[in-house]
Amino acid sequence: MAKTSGHVLHHCCTANLPSNQPPAPVTGKYQQPQQYDQAQRRLDPDQIPNPMSVIIENQKNAGGAFITNEQGLLPPLVTTKYVVEDQGNSSPRYVRSSLYCIPATADLLKTTALSSTLAVSPMARTVEGEYEPPIVNFGELGAIRCNRCKAHMQLVDAGRRFQCLMCKVTTDVPTAYFQHLGHTGQRVDKYERPELVLGT
Ligand SMILES: [Zn+2]
């Protein structure tokens, strides 16, 4: 049981708390330090992961080749030496997420209190064994993107139109960029066009 002597209790911060919990901190206002039991405050060092062993363990388990479209595979840690094979998703050198299990709803995200962010490093260097991202130049035509929000899109309507993955708007494929779809629903020139195959 936490001692609360010396702490000013406000209705606003105690109303929803179970009686055996310490009162919630009052934000925006100085409050006296709470006097919890020493045992409750002390962290058990055995429960805290040792950063060095996490780094060594990850190098052992995730070092070497990292193939970007393998389901359920987490990117290696930044400290791990790895060689990326871009198979449709960007290398974690360029884009890295703070979460790799994404809460399905905004409510759930709020409940977990985890921040969902992306670290984007477009100028990151490749390492030996990786190729530099190819440069795609459409000249006058410009990059093939959503007219409305500039996001990337998915081919629909036998390759004649694109549907935006973000805002769902559809756009005609420019005549100069049109190509038929094969029996798998993929463009027949897919493997000749890096922008259709690679993440970066
Ligand atoms: Zn869009």
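## Contacts of Thr117

Leaving aside residues up to four places away in sequence, Thr117 touches Arg96, Ser97 and Ser98, where contact means heavy atoms within 4.5 Å. Between Thr117 and Arg96 the C-alpha to C-alpha distance is 8.5 Å, although they are 21 residues apart in sequence. Thr117 sits in the loop between α4 (106-112) and β4, with helices (H or I, at least four residues) and strands (E, at least two) taken as DSSP runs numbered from the N terminus. Its relative accessibility is 42%, so Thr117 counts as partly exposed; buried means under 20% relative accessible area, exposed over 50%, and partly exposed in between (1.4 Å probe, protein chains only).

## Basis of the values

This is a predicted model, in which local features need pLDDT of at least 70 and side-chain atom pairs count only at pLDDT 80 or more, while totals for chains, interfaces and linings use all residues. Residues are numbered from 1 along each chain as its sequence is written, and side-chain values use heavy atoms, with hydrogens and water left out.

## The zinc site

The zinc ion has as its protein donors the SG atoms of Cys146, Cys149, Cys164 and Cys167, lying 2.3 Å from it; donors are N, O and S atoms within 2.8 Å of the metal (3.2 Å for Na, K and Ca), and because water is not among the atoms, sites may look incomplete. The angles subtended by the four donor atoms run from 101 to 119°, which makes the arrangement tetrahedral, a term that requires all angles to lie between 85 and 135 degrees.

In sequence, the donor residues follow the spacing C-x2-C-x14-C-x2-C. Cys149 belongs to the loop between β4 (118-120) and β5 (153-156) and Cys164 to strand β6 (residues 161-164), so the pair ties together parts that are 15 residues apart in sequence. Cys149 is partly exposed at 36% relative accessibility, whereas Cys164 is buried with a relative accessible area of 1%.

Conventions: Four donors count as tetrahedral if all angles lie between 85 and 135 degrees; four count as square planar and six as octahedral if opposite donors are over 155 degrees apart and all others between 65 and 115; anything else is irregular.
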